[in-house]
Amino acid sequence: MRIFAQMRRNGESRIMKEKILNRFQEIYGDSEGAKVFFAPGRVNLIGEHTDYNGGHVFPCALTIGTYGAARRRNDRKLRFFSMNFESVGVVESSLDELTPSGQAGWTNYPKGVMWAFEERGMKIPSGMDILLYGTIPNGSGLSSSASVEVLTGFILRDFFGFAVSNQDLALIGQYAENHFNKVNCGIMDQFAIAMGKKDHAIFLDTADLSYEYAPITLKGAKIVIACSNKKRGLGESKYNERRSECETALSELQKEIKIESLGDLDEAAFEKYQGAISSEVCRRRAKHAVFENQRTIRAVEALKKGDITEFGQLMNASHISLRDDYEVTGPELDALVEAAWSIPGVIGSRMTGAGFGGCTVSIVKDEAIDGFIEKVGSIYENKIGYKADFYVVEIGDGPVILP
Ligand code: GLA
């Protein structure tokens, strides 16, 4: 079992900057004109699969994320290198080739953002040399791709002075993901990353993008992420399937009641009108979306009152709904969460992100953390046959230029 405590403090970011500039120099010959940037990853505390249903989400940015060194070139060439995919080497492209391709691999993410800027009339005047280094575990569901997208937008704004807000960076990142990389995600990940604030989660209403920062002061407890290490597999197609099941439910409900999205319903209204949804499966999907949205609203109220116990119970209820009604958990995430629930000192535990693999998020009392990692780790390994990884995380800021 591996245990990580990731923190990005001043000293650490200095070391990181040096490490990245050194590698930049090795790869591109010199680091003249290069600047170093950082964009976080994210974890969602509650409000899952609500962001494409006009509901609320409650994510926060992490202190792990993506570092990037970049500089302008005098021509239209683009050169990319990732320290996470060393064997891929330097990937060359050009501003005249902003089209997705299988060969481009991970560079489809930064290229997608460049394309999205140009789609909005912001022409990128010169090529760039870019080197990335991510501290988010690959495929963990902590939004490494959204982190790369927001980072790219942040770099473009810094170098070329485009008049875009951080919220625009989120929307551009999502647009790139949807239309360039053809992943039909909602706004949560890019928003949480672009708008992150240290020690705060973001209570975002995805119906109109109004939001509020809520301080997360977990007295005597921490956020622990457990990564299932399950390969994603069918994740994306199932994600799109859930989206269309919710759309079917919504269009049937709209014949009975005037609503814009499932987020417009509360539990009582859902109970009253659910008969309009013809398929039993779509009814359960819609039930999750409606109840999860209401749970998220209640969870934030509980937190504001300082009732962390209630918050934890709502996290647990969220997992059950994702398991039984939305069916996006699977044996790995269920094993992690069920093991977590059995441990005294665990305030709440649930899957986080899209599901079908990826991570769980738990709030664990300080004195119980070591035991939690050991016990959940061994129960998981016995049941599933391979190890989980654990991360005690901190809530960090949105994108920054490293000083
Ligand atoms: C993924 C998507 C988000 C959101 C979550 C589920 O992370 O990118 O937009 O839909 O799944 O809550």
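A crossing of two helices counts as left-handed if the near helix is turned anticlockwise from the far one by less than a right angle, and as right-handed if clockwise. Okay, keep that in mind for the helix part.

Quick caveats: this is a predicted model, where local features need pLDDT of at least 70 and side-chain atom pairs count only at pLDDT 80 or more, while totals for chains, interfaces and linings use all residues. Residues are numbered from 1 along each chain as its sequence is written, and side-chain values use heavy atoms, with hydrogens and water left out.

Helices, then, meaning DSSP runs of H or I with at least four residues, numbered from the N terminus. Axes are lines fitted to C-alpha atoms over the stretch in contact, and angles run from 0 to 180 degrees between N-to-C directions. Take α9, residues 308-324, and α10, residues 330-341: their axes come within 12 Å and cross at roughly 150°. Over 145 degrees counts as roughly antiparallel, so that's what α9 and α10 are. The way α9 passes α10 is left-handed.

Now α2, residues 108-119, against α4, residues 166-179: axes 8 Å apart, angle about 110°.

On to the ligand. Residues around it, with a heavy atom within 4 Å, include H49, D51, Y52, C185 and Y239. The shell splits into 5 nonpolar, 3 polar and 4 charged, with Gly counted as polar and Tyr and Cys as nonpolar.

For polar contacts, think N or O pairs within 3.5 Å. The side chain of E48 puts an N or O atom 2.6 Å from a ligand oxygen, and for the R42 side chain that distance is 3.1 Å. G186 uses a backbone N or O atom, 2.9 Å from a ligand oxygen. The protein covers 92% of the 310 Å² of accessible area the ligand has on its own, by Shrake-Rupley with a 1.4 Å probe.

Conventions:
A polar contact is a pair of N or O atoms within 3.5 Å; within protein, one must be able to donate a hydrogen and the other to accept it, and residues adjacent in sequence count only if both atoms are side-chain atoms. Helices (H or I, at least four residues) and strands (E, at least two) are DSSP runs, numbered from the N terminus. Angles under 35 degrees count as roughly parallel, over 145 as roughly antiparallel, 65 to 115 as roughly perpendicular and the rest as oblique.
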